[in-house]
Amino acid sequence: MAAPYRVLVVDDNEPTRLLIARILTQELPVEVTLSGGAEEAEHQMQSTHFDVILLDLLMPHASGFDVLKWMREGHSPNRNTPVLVVSVLGDQESIERCRRLGASVHIVKPILRDTLAAAVREHLPGPGHQAADKDGHTEPGAG
């Protein structure tokens with residue numbers, strides 16, 4: 001069996017992080033890394049390539065908008081990784097801002113199991129993807 005996909009969940013609310021991780025690991029072949037805020041997430045993204053990143057917008061110190069901008073400006077090996085925003089902010093302005101910054105999907109909390117699993121599944125790499133090791137290096141044909 002291929003190695004599981006790597007998913008990063010960034011949310012300052014621990015129960016939310018744990019809920020998302022539980023849903024994803026029950027529904028998909030994923031290995032979930034949890035991050036409690038922007039600074040921790042940026043550190044994790046510099047050292048590990050993820051297949052999908054789930055990102056909250058409202059966090060202390062730096063917002064999900066800030067993290068998304070930082071990523072897309074090329075400060076991590078995850079510059080092109082699909083980002084699924086999972087937030088209570090569901091207004092049109094926030095959704096459009098996320099799109100402009102490069103988010104793939106905007107899911108409004110409360111989280112629905114089927115919606116979350118389907119969105120992540122849709123953004124996982126296809127069968128020909130290159131599996132990345134913990135340092136972000138890829139192995140052609142792996143996965």
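**Close-up views of a predicted model**

View 1. Gln44 sits in helix α2 (residues 38-47), where helices (H or I, at least four residues) and strands (E, at least two) are DSSP runs numbered from the N terminus. This is a predicted model, in which local features need pLDDT of at least 70 and side-chain atom pairs count only at pLDDT 80 or more, whereas totals for chains, interfaces and linings use all residues. Residues are numbered from 1 along each chain as its sequence is written, and side-chain values use heavy atoms, with hydrogens and water left out. Gln44 is buried, with a relative accessible area of 14% (buried means under 20%, exposed over 50%, partly exposed in between; 1.4 Å probe, protein chains only). Not counting residues up to four places away in sequence, Gln44 touches Leu8, Thr33, Leu34, Ser35 and Phe50, a contact being heavy atoms within 4.5 Å.

View 2. Five strands, in the order β2-β1-β3-β4-β5, form an open sheet with parallel pairing; two strands pair if DSSP finds at least two bridges between them. Because β2 (30-35) and β5 (105-108) stand at the edges with a single partner strand each, one side of each is left without a neighbour in the sheet.

**View 3. Strands β3 and β4, with Ile53.** The parallel strands β3 and β4 are joined by three bridges, and Leu54 has Leu84 as its bridge partner in β4. Ile53 touches Leu8, Val10, Met45, Met71, Asn78, Thr81, Pro82, Val83 and Leu84, not counting residues up to four places away in sequence.
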